[in-house]
Amino acid sequence: MQLKKTALKAWFEKFPEEQSKLLFAVRAAFLDTKPKRIGVAVSGGGDSMALLNLVTTLSALHDWSVSAVTVDHQMRDDSTVEAQFVSAFCVTNGIPHETIKWDGKQAKGNFHKAARDSRYRLIADWAKAHDLDVVALGHTENDVAENFLMRLARKSGADGLAAMEKRFGRNGIKWVRPLLQVSREELRDYLKSVDVAWFDDPSNDDPKYSRSQARTILDALEPLGINRKTLARVSTQLFFEASALKHATYKHSKKTELSGGDIVIPLLDADFHFETKRRLIVEALKFVSGAEHGPRSDNMVSIMHEVETKGIGTVHGCLLIENKPKNMLEKTLRITREYNAVKGTTSKTTEIWDGRWRVDGPHEDDLEVRALGDGILQCPDWRETGHPRNSLRSSPSIWRGNTLIAAPLAGFNPKWRVWIEKDFQTFLLSH
């Protein structure tokens with residue numbers, strides 16, 4: 001829907017100044033995506049209720065179709081009441097709404113991470129089912145500042161301290177955070193001005209949670225001029241600096257080689273800054289291992305020292321092997337999968353193996369994919385492939401029981417082939 005500037009100005013002038021500023025901020029967040037169908041994740045709290053109201057108000061200007069979703073984690077007695085509150089609000093205002101239940105009591109390990117991952121997955125599935133263009137989240141400037149403090153306690157670097165992305169992709173869906181430069185207090189003032197109620201999560205004030213502790217610390221730091229806006233601004237600056245480092249890492253990744261399933265990194269490049277090298281190695285470890293996160297910084301320092309002194313090291317389910325040729329300018333670091341990390345990993349030949357390998361050949365139901373391991377002894381031509389023995393031992397091979405059928409990377413049985421669908425550069429761009 002094309003709007004002339006005069007008509008757009010007149011539309012915004014219908015609202016009080018503070019409301020108009022918020023509407024304009026939310027509208028600007030969607031200009032790049034140009035959506036027709038928007039989903040809004042709504043918990044019933046002030047941030048998400050304000051976002052839902054702002055988006056639906058703007059829908060009259062842009063002909064947006066707006067739907068809402070609530071994930072009821074069922075961890076508090078009030079969670080279902082809050083979901084019902086959102087549902088009733090949506091019914092009253094003619095907004096399609098769906099509640100998705102998630103049994104948080106079944107979560108294992110890090111509950112907060114499990115809850116976050118589950119919310120994204122469930123909301124993404126909902127968005128795909130309704131053919132939505134984008135899903136909006138109600139994170140605010142306060143969240144940015146609180147995250148900064150919590151990650152500072154974890155000794156995070158630029159990536160961890162950087163502000164959340166305003167637009168990003170996850171679980172096959174586009175997401176947007178329109179309120180990252182708006183405070184929680186501004187949103188509650190807005191809700192009062194439009195007479196919209198909200199729920200306050202009591203856990204937000206529970207001192208046993210790190211986010212509540214961060215809010216208390218922010219209050220204590222106020223006399224020093226360190227407040228929510230200060231930390232949000234620093235975090236935003238770190239976001240741009242981290243982006244520049246990621247760009248440099250991607251640029252250097254073009255000098256790497258994908259050898260079988262390994263990443264080979266040239267080490268002696270005059271333009272290769274230490275931090276760029278460290279980042280490239282961490283990303284290569286994630287690519288080879290399939291892990292969501294790389295090793296901690298202190299682990300990387302110790303492993304790189306081990307590799308430099310011994311020529312080999314193990315971390316993150318990978319082997320790091322330093323090649324020291326006669327011409328030191330050709331010195332490289334090879335990152336390959338560690339055999340012990342995959343020796344028990346199996347799949348059907350029609351499935352992805354170890355999270356990244358595809359297999360093709362004369363498939364049969366009684367065949368399975370396993371790491372080659374000692375099966376390399378049955379591959380007389382493996383040296384002619386040019387792949388190191390360690391790399392081949394952890395490579396995918398096809399078995400029928402204890403009988404080796406094929407080991408494509410080791411040159412055994414040309415009827416089969418294996419490949420990695422996503423190259424290293426594509427992997428970096430997707431992360």
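Predicted model: local features only at pLDDT ≥ 70, side-chain atom pairs only at ≥ 80, totals over all residues.
Strand β1 is joined to β2 by five bridges, and the two run parallel. Within this pairing, Val40 has Ala68 of β2 as its bridge partner. Strand β2 also pairs with strand β3 (residues 97-101), again in the parallel sense and over five bridges. Here Thr70 is placed opposite Thr99 of β3. Strand β2 (residues 65-72) is mostly covered, with seven of its eight residues buried. In a regular strand, side chains alternate between the two faces of the sheet.

The axes of α2 and α3 come within 10 Å and cross at roughly 75°. Because angles of 65 to 115 degrees count as roughly perpendicular, α2 is classed as roughly perpendicular to α3. On the α2 side the contact involves Leu22, Leu23, Val26 and Arg27, which meet Leu54, Val55, Thr57, Leu58, Leu61 and His62 of α3. By class, the contact consists of seven nonpolar, two polar and one charged residues.

Three strands form an open sheet in the order β13-β14-β15, with antiparallel pairing. Strands β13 (368-371) and β15 (403-406) stand at the edges; each has a single partner strand, so one side of each is left without a neighbour in the sheet. The twist from one strand to the next averages 50°. Strand β14 (residues 396-400) is paired with β15 in the antiparallel sense over three bridges. In this pairing, Arg400 is found opposite Thr403 of β15.

Helix α10 (residues 228-253) contains Leu238. This residue has a relative accessible area of 16%; because buried means under 20% relative accessible area, Leu238 is classed as buried. Leaving aside neighbours within four places in sequence, Leu238 is in contact with Phe148, Ala158, Leu161 and Ala162. For one of these residues, Ala158, the C-alpha atom is separated from that of Leu238 by 5.8 Å, although the two residues are 80 residues apart along the chain.

Most residues other than glycine have a negative phi. In Asp131, however, phi is near 55°, a positive value in a residue other than glycine. Asp131 is located in the loop between α5 (111-129) and β4 (134-136). Phi of Asp354 is also positive, near 55°. The loop that holds Asp354 lies between α13 (339-342) and β12 (357-360). With a relative accessibility of 14%, Asp354 counts as buried.

Notes
Residues numbered from 1 in each chain as written. Heavy atoms only, no water. Helix = DSSP H or I, 4+ residues; strand = E, 2+ residues; numbered from the N terminus. Buried < 20%, exposed > 50% of the residue type's maximum accessible area, 1.4 Å probe, protein only. Contact = heavy atoms within 4.5 Å. Pairing = 2+ DSSP bridges. Axes fitted to C-alpha atoms, helices over the stretch in contact; angles between N-to-C directions. Parallel < 35°, antiparallel > 145°, perpendicular 65-115°, else oblique. Nonpolar A, V, L, I, M, F, W, Y, C, P; charged D, E, K, R; others polar.
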